[in-house]
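Work through the exercises below with the sequence and the 3D view open. Try each task before you read its solution.

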Amino acid sequence: QVQLVESGGGMMQAGGSLRLSCAASGRTFSNYAVAWFRQNPGKEREFVATVRRGDDDTHYADSVKGRFTISRDNDKNTVFLQMNSLKPEDTGLYYCAASPRLGTHTFANEYNYWGQGTQVTVSS
């Protein structure tokens, strides 16, 4: 119903910045909340940030608060994750996910649609 494609990942030294993009297609993009999750081998998927539908309110994991910014451009059907002051702990496969639900949701099983992921690697 909704297709998501992430891009913008890569390698960066600690302290640097990256900007991830999530391009959406299918249903009306403005009616979906979008979130970013990240995952490393052997560990569960970790919530990073979300932007709500309707009011565009945002919520962040404590580990990235003050460093990452999530935003959306509904005219372009795209959600962004600006990542500043990167740390090695930010390394992971980053996924964007979408949900038609209202409000703020931080668990992976609350999202209906997922992209393929884009790798972010931060070195010391």
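The model is predicted, so local features need pLDDT of at least 70, side-chain atom pairs count only at pLDDT 80 or more, and totals for chains, interfaces and linings use all residues. Residues are numbered from 1 along each chain as its sequence is written, and side-chain values use heavy atoms, with hydrogens and water left out.

**Exercise 1. Find the strands that pair with β3, using β1 and β8.**

Step 1. Strands are DSSP runs of E with at least two residues, numbered from the N terminus. Two strands pair if DSSP finds at least two bridges between them.

Step 2. Take β1 (residues 3-7) and β3 (residues 18-25). Five bridges join them, and they run antiparallel. Find L4: A24 in β3 stands opposite.

Step 3. Move to β8 (residues 78-83). Six bridges join β8 to β3, again antiparallel. Here A23 has T78 as its bridge partner.

**Exercise 2. Locate the disulfide and describe its setting.**

Step 1. Apply the cut-off: a pair of cysteine sulfur atoms within 2.5 Å. The count is one disulfide.

Step 2. Name the pair. C22 is joined to C96, S to S 2.1 Å.

Step 3. Read the torsion. About the S-S bond of C22 and C96 it is about 65°, so the disulfide is right-handed.

Step 4. C22 sits in β3 and C96 in β9 (residues 92-99), so the pair ties together parts 74 residues apart in sequence.

Step 5. Check accessibility. Buried means under 20% relative accessible area, exposed over 50%, partly exposed in between (1.4 Å probe, protein chains only). Both C22 and C96 are buried.

**Exercise 3. Trace the salt bridges of D90, then compare the setting of the D55 and R52 pair.**

Step 1. Set the rule: a side-chain nitrogen of Lys or Arg within 4 Å of a carboxyl oxygen of Asp or Glu. The count is six salt bridges.

Step 2. Start with R38 and D90, at 3.0 Å, N to O. R38 lies in β4 (residues 33-39) and D90 in the loop between β8 and β9, so this pair ties together parts 52 residues apart in sequence.

Step 3. R67 lies in the loop between β6 (58-60) and β7 (68-73), so its pairing with D90 ties together parts 23 residues apart in sequence.

Step 4. Check burial. R38 is buried at 4%, D90 at 1% and R67 at 12%.

Step 5. Join the pieces. Salt bridges link R38, E46, R67 and D90 in a network.

Step 6. Turn to D55 and R52. Their closest N and O atoms are 2.3 Å apart. D55 is partly exposed at 45%, and R52 is partly exposed at 21%.

Conventions. Helices (H or I, at least four residues) and strands (E, at least two) are DSSP runs, numbered from the N terminus.
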